Amino acid sequence: MTTHGRTVSIWFFIGFSLLINGLLIFGAGLYEYAHKPEFPVVLFDLHAGVWWGGLLTLIGGFYTWHYRPSGG
Amino acid sequence: MMLALVNASSSLVHLAPVDMVIIAFYFLLVIAIGFYLKGQANTGEDFFMAGREMTAWVAGLSFLSANLGALELMGWAGSAYQYGILATHWYWIGAIPAMIFLALVMMPFYYISKTHSVPGYLKLRFGEPARALSAVSFGFMTVLMSGVNMFAMAKVMQIVLGWDINFSIWVSSITVAVYVTLGGLRSAIFNEVLQFFLIWAGALLIPILGLYEAGGWSNLKVLIAHRASEQYVHMWSTLGHFNTNPMGIHWTGIVFGLGAIISMGYWTTDFLVVQRILAAKDLRSAEMAPIIGAGFKMMVPIIVILPGLLGLGLLPMKLVPESVAVATHGYSYNDVLPLMLARYCGPGLLGLGITALIAGFMSGMAGNVSAFTTVWTYDIYRPLINPKGSDSHYVSMGRWTTVIGVLISVGTAYLVMHSASIMDYVQALFSFFIAPLFGTVVLGMLWKRATGPGGFWGLLCGTVSSVSMWAWVKIDPTALRYVALSPDAKALAQDMYQALWSFLVCVTVTVVVSMLTKPKPDSELVGLVYGQTVIPRVVGVPIYQKPVFWAAVVGVIFVILNIIFW
């Protein structure tokens, strides 16, 4: 949705939020992969942070690019 | 912040720096959105109705998200732990039929009448007394609900992070006050849609990883049967008697109390959610929005009910009622969602999960505050106090009311802090006001003989009867056998029957008084009542773009789901 003609789409804000969160989670997941914590969470060996963070980054990146303000 | 950090040693989990960054990013983003939208909230139509230019998707997701507050996230996960899969009824039969009814039957009247609010419709249909009664009771309920949201958020922050409860209340309330004051309803809607995605991104891992750990749905059912009872995993087959299910309810309470009255009342007349639909850009979008909301509503149990059931099957500790938890320093039912979050989520994921909770809580608060602001300004202040103000004066009043509404909510949060059960408290409120209101609105829309005095007295008597029944059981608990038809009924079951009786009182009084008073001429009912209104139909588009087609799709899936989990 855009409002008032030329405003930034709401989907851009959502994409940007998912992109930043995804990158942070992906990075934290990689760090934990390399440095196993003293008290890991249940199912730590699945490394959910890596694949979930990566997925959010891809989705967020797509929405950010597709609905970027300069794209009209 | 210092106090929060000092208390962190007693918390359930400890946040890593990356988690703090994710939470801080969320707060910065919503404030930035508020400032960005400030320039688009200059007129009353912009500030209170978001310019009436939302697409069906945005209005639909916002409609759903306004309800994804504390009640949904924490309360219903706790209810799933306490009552089992029965809690899913509040998402399916307790929502889907009502959303479809709103879309196909009621929305045309709301939209064509161009009302700003539900009390505004009552003014057009029944006159000023019915509007005043509805607006005052709605305003009262709304600030109480907002206080509940605020308290729930602060409680989560205390349990999970060890943050001071006062710190959480004030940070969240100031943030909500800033972004709603700046951008009005548009700002609230933007943040609700953002919150919808954050909640799914932050909470979906719990059921995925939980089911993996449990070994699938079949194994989870075995675990729950072993730790609690097989009754906890059936939605309908245990409802033949009051004492064969964890909730102490009969199927008639679910079907007639919840499905036919409470959910219809909430989803079709609670202005908090209806306001989002009224902001749609055209009638077709307004009809599609609740159907889109219904489609996603059917999926919400995955991130709310399933974590509660997983907690029942997998958590090593036993959760207890709030009052027992306080006395024994244990964990209450309402803690199940944060406990599951802490179980599976490491750094980063935990921050997103906590952000999803905060977003849900703040969104619920913002929804209540923006609806309260509209009702106060348009349905109380303008007609009763200052009818001759300019548009800019009412926008200014809206901004000030936002701040005052937040402050009243803060006060309410401190009152709620001593309540034994968040869920029961909120459900009791629904029963007081929502069920009779639904009776009044639906009679107004579908029965042209209903008169102004009939609408007013029906609404008043229905509300008084609901409060009276609640007070009766409070004073004399044995009265439960009359109100809820069984001494075994639990609090939620009581609310279902209370709603049913108060609806019937409302309808009966409305019909009797209407028959004894003079009806409105037909010419005054155009655009307000079925049979007197020409409803524009969607023509010239393929069937898959028609609201009725998607309503049928949602209806079929709803039936199939109920059969699967029978």
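Trainee: Leaving aside neighbours within four places in sequence, which residues is Ile291(B) in contact with?

Mentor: Residues are numbered from 1 along each chain as its sequence is written, while chains are lettered from A and ligands numbered from 1 in the order in which they are written. Two residues are in contact if their C-beta atoms, placed from the backbone, lie within 7 Å. On that basis, the contacts of Ile291(B) are Met99(B), Ile100(B), Ala103(B), Pro547(B), Trp550(B), Ala551(B) and Val554(B).

Trainee: How many helices and strands does chain A have?

Mentor: Helices (H or I, at least four residues) and strands (E, at least two) are DSSP runs, numbered from the N terminus. For chain A the count is two helices and zero strands.

Trainee: Which helix gives the largest share of the side of chain A that touches chain B?

Mentor: Here 25 residues of chain A are in contact with 31 residues of chain B. The elements that give two or more residues to this side of chain A are helix 1 (10-34) and helix 2 (48-66). By class, this side has 16 nonpolar residues (Ala, Val, Leu, Ile, Met, Phe, Trp, Tyr, Cys and Pro), one charged (Asp, Glu, Lys and Arg) and eight polar (the others, Gly among them). The largest share, twelve residues, comes from helix 1 of chain A.

Trainee: Do the buried residues of helix 2 of chain A lie on the same side or on opposite sides?

Mentor: The buried residues are Ala48(A), Gly49(A), Trp52(A), Gly53(A), Leu56(A), Thr57(A), Gly60(A) and Tyr63(A).

Trainee: Which exposed residues does the face of helix 2 of chain A turned away from its buried side carry?

Mentor: The buried residues of helix 2 of chain A pack against helix 1 of chain A together with helix 9 (165-203), helix 10 (205-214) and helix 18 (349-385) of chain B. The face turned away from them carries Trp65(A) and His66(A).

Trainee: What covers the buried residues of helix 10 of chain B?

Mentor: Those buried residues are Leu205(B), Ile206(B), Pro207(B), Leu209(B), Gly210(B) and Ala214(B). Their cover includes helix 2 of chain A, and from chain B helix 9, helix 11 (217-227), helix 15 (305-314), helix 17 (336-344) and helix 18.

Trainee: How far apart are the end C-alpha atoms of helix 2 (residues 17-37) of chain B?

Mentor: The expected span of a helix is 1.5 Å times one less than its number of residues. With 21 residues, this helix should span 30 Å, and the model agrees: its end C-alpha atoms are apart by 30 Å.

Trainee: Which helices do the buried residues of helix 2 of chain B pack against?

Mentor: Among the buried residues are Ile22(B), Tyr26(B) and Val30(B). The buried residues pack against helix 1 of chain A, and helix 9 and helix 18 of chain B.

Trainee: Is Gln82(B) buried or exposed?

Mentor: Gln82(B) is in helix 5 (residues 70-83) of chain B. Because Gln82(B) has 26 C-beta neighbours inside 10 Å, it counts as buried.

Trainee: Over which residues of chain B is the pLDDT below 50?

Mentor: The mean pLDDT of chain B is 86, and 95% of its residues reach 70 or more. Where pLDDT is low, the predicted coordinates should not be read in detail. In chain B, the stretch with pLDDT below 50 is residues 1-9.

Terms used. This is a predicted model: local features need pLDDT of at least 70, side-chain atom pairs count only at pLDDT 80 or more; totals for chains, interfaces and linings use all residues. A residue is buried if 20 or more other C-beta atoms lie within 10 Å of its own, exposed if 12 or fewer, and partly exposed in between; C-beta atoms are placed from the backbone. pLDDT is the predictor's confidence in each residue, from 0 to 100.
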